[in-house]
Each structure stands twice: as C-alpha cells, then as structure tokens.
Amino acid sequence: MNGGVEVNGEPESSDSMKTFGAFVQGLREHAGLSREEFGARVHMSKHSVASIELGRRLADQSFVDAAEGVLGNTGALRKAFGRVARQPGFAVWFRKWAALEQEAVSLATYECRLVPGLLQCEPYVRVVFGNRIPPLSDEQVEAQSVARTERQYVLHERPDTSFSFVMDEHVVRRRLGGAEVTRMQLDHMLACAQLRNVEVQIMPMESEVHAGLGGPLALLETADGRRLAYSEGQQTGQLIADPKEAAILHRRYATLRAQALSPWDSVSLLERIRGEL
C-alpha cells in the first residue's frame, strides 16, 4: 500500500515521532543503557530501538509499558506517547495497523495504481507527492517524502519477517516521472527483490484471470496466528479484523500470487522492461 494515512498519503509523523524518539533516547542514556541492553529488557532488537529513537517507527502501547518498567515507572513516557497518539495526522485506523505491523511475521501487499510504498525509490516518491491534487507545498513534499522513505528501513531491520508484493504489469511500465525516474525505480525494485525476505511478483497484462479486481489491499499475520487486512481508498483506510472477512482477502491474495508470474519470472520481466528504457 502507499499510505495508511489520513492526510496526503503519509502520517504527519516526522516531528512528533522524532520528538518522542529523542525523549526515549534521553531517558535510556540517563539510565546508562546501550540500545542493545535496553532492547533486551523491552524484548526488541537494538535496530528496532534505534528506529523508534530516530522517529522511523511508530511505538506501540506494549513498548511504552515495557519501557516505563525499565526506566523507572515515572509515567513520563506514557504522557509523551499520549501526545504522539493524538497528533491529527494519525488516523485511528492507521495507528492500529501500524501497531499490528510491529507484531507481524508476514506482510503482503497488492497494488494496481503505484509501486507499493515500501518499494518506492526516493525520486519516485517525490514524483508521487508532486502529483497530488490539490498541490502540496515544497515543505510538504519534502516531509512526506522523508516519512515514506524512512518507513522502508523495515525491509532491512526485520530480516525474519516475510514481505510479499504483487503488482500489475502496467504499474511498472508506467513512466511516472520520466524514463530516468523509471530506470531508478526498476533498479531499486530489483535490488529489493534480492533480499531473502522479500518476494516481488508481477501480474502480466495478458493474463485472462485476475483475483485482485476489488482493488489494492494489504495483509498481515501475527506470531499468534491472527490474520488481518487493510484496504485503502482515495481519502480513507479500513482495518479489517473480522476473521471471516480477513480470511476472504487472504484467499484472494493467495490466488493472486498463483496467477502472477513467479518471483524469478517477475525479476526477468523487470530486467527486460529496464533494458527497454
């Protein structure tokens, strides 16, 4: 998916998340703990702790509760987190989905409009936000672009989480931003496809069947076996937690993967499209 956001495609998270992260870092350092030591006590890797402290990752309530216990139970973190959670850019459904993503053992995305947000290179991201109607200011484009590209650290910070992406062929053939941006975007996707925990698949234009005609969707599965889904429209997003409804969307995605080119054939197609530019 390309958002999970209430305003203009990305959460207005940069300032508030970085401020909260800096607060966490200050308390941790005051307690004399390294990121690795602190992470062990809150059941996180040092990389995940760094992501929160640098404002790249939205903390959830379980992190706040665990961190409070490690850092003295002063209540300061809970109060600071409450301020972040009330930021107007964080829609309720986005906060829930973002928290669930942190528990996920697998994440899957189908897109028919744009390259999925987690696979977008920076020039492509800027073109996407530069095409918004009504237009964004230069400052908004910059802030949104930074927020989106910083989210992509999850692909590298969560090597034990499986990421699956399926997109329609016309998405990767569309020369959004021109040939040079398209070349960079294809190179970026090909690099991401080399990661062991990432699979990229293309639904070919000549396919006579298509299980994804209902539109884009994102899916996840948690360590305790919960399967959820998220659907995004022009100005809205919906978290689908009902087991029966989520199961239908998971079945659709499984069918879509079977209909799409294999990851290996998809990489070959992307390389051919890249060679044509």
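I began with strand β1 (residues 104–111), which pairs with strand β4 (residues 217–222) in the antiparallel sense over six bridges. For pairing I need DSSP to find at least two bridges between two strands. Across that pairing, Y110 stands opposite L217 of β4.

Next I looked at β1 against strand β2 (residues 162–168), where the pairing is parallel, again over six bridges. There A108 has S164 of β2 as its bridge partner.

Is β1 mostly covered or mostly open? Mostly covered: six of its eight residues are buried. Buried means under 20% relative accessible area, exposed means over 50%, and partly exposed lies in between, with a 1.4 Å probe and protein chains only.

A note on provenance: this is a predicted model, where local features need pLDDT of at least 70, side-chain atom pairs count only at pLDDT 80 or more, and totals for chains, interfaces and linings use all residues. Residues are numbered from 1 along each chain as its sequence is written, and side-chain values use heavy atoms, leaving out hydrogens and water.

Then I stepped back to the whole chain, which has 13 helices and six strands. These are DSSP runs numbered from the N terminus, helices being H or I with at least four residues and strands E with at least two. Of the 277 residues, 49% count as buried.

My next stop was a helix pair. The axes of α7 (residues 122–130) and α11 (residues 179–193) come within 8 Å and cross at roughly 125°. I take axes as lines fitted to C-alpha atoms, for helices over the stretch in contact, with angles from 0 to 180 degrees between N-to-C directions. That makes α7 oblique to α11; under 35 degrees would be roughly parallel, over 145 roughly antiparallel and 65 to 115 roughly perpendicular. P123, Y124 and V127 of α7 meet V181, M184 and Q185 of α11.

Last, I looked up aromatic pairs, meaning ring centres of Phe, Tyr or Trp (its six-membered ring) within 6.5 Å, with planes under 30 degrees apart stacked, over 60 edge-to-face and the rest tilted. The count comes to one: F38 and F63, edge-to-face at 6.2 Å centre to centre with 85° between the planes. F38 lies in α2 (residues 35–41) and F63 in α4 (residues 61–70), so the pair ties together parts 25 residues apart in sequence. Both F38 and F63 are buried.

Conventions:
Contact means heavy atoms within 4.5 Å.
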